[in-house]
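Dear colleague,

I am handing over the structure below, and my notes on what was found in it follow directly after.

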Amino acid sequence: MDSRSKYKTRHREVILDYFVKMPGIHITAGEVYKGLKDRGVSIGQSTVYRQLESLVEEGILNKYIIDENSPACFEFEEEDNHCHKEIFFHCKCESCGKLIHLQCDEIEEIEEHLIKEHKFFMDPKRTVFYGLCEACQK
């Protein structure tokens, strides 16, 4: 499936396949576990967590820890769109919890300003703007 993977196990392939079918979607480990169970896959929660961490370490999945009140979420991006190539900030809906990638020149200008004028480096993978998504505003 992905030339970056080290070890090919059945559980690893099932988990990776789960993500490949939903590129760009943020999914928690609990959602992966439930989704696989709902599909009839026999897998333990600890196996899911272990495999997810392994896929993150290898750069196959992105892992986002937004705040201490939310579970970490994982995301698969096609290799050409992988987040390690570009910088993304995030917006999190305070109503539904949706996490949105934010790539915006104005935000990047703020980041550059903080570095130049304030000697402060903002970590884009951990910088989150909170508010309401379009759907929840209605």
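Leaving aside residues up to four places away in sequence, Leu-36 touches Val-14, Ile-15, Tyr-18, Val-41 and Ile-43, where contact means heavy atoms within 4.5 Å. Please keep in mind that this is a predicted model, in which local features need pLDDT of at least 70 and side-chain atom pairs count only at pLDDT 80 or more, while totals for chains, interfaces and linings use all residues. Residues are numbered from 1 along each chain as its sequence is written, and side-chain values use heavy atoms, with hydrogens and water left out.

Leu-36 is also one of the residues that touch the most other members of the largest nonpolar core, which has 17 residues; the others are Ile-15, Phe-19, Val-32, Leu-52 and Leu-61. Such a core is a set of buried (under 20% relative accessible area, 1.4 Å probe, protein chains only) Ala, Val, Leu, Ile, Met, Phe, Trp, Tyr and Cys residues joined through side-chain atoms within 4.5 Å. Two or more residues each come from helix H1 (10–20), H2, H3 and strand S3 (73–76), these being DSSP runs numbered from the N terminus (helices H or I, at least four residues; strands E, at least two).

The axes of H2 (residues 29–38) and H3 (residues 45–57), lines fitted to C-alpha atoms over the stretch in contact, with angles from 0 to 180 degrees between N-to-C directions, come within 10 Å and cross at roughly 125°. In this pairing, Ala-29, Gly-30, Val-32 and Tyr-33 in H2 meet Gln-45, Val-48, Tyr-49 and Leu-52 in H3.

With best wishes

Conventions: Buried < 20%, exposed > 50% of the residue type's maximum accessible area, 1.4 Å probe, protein only.
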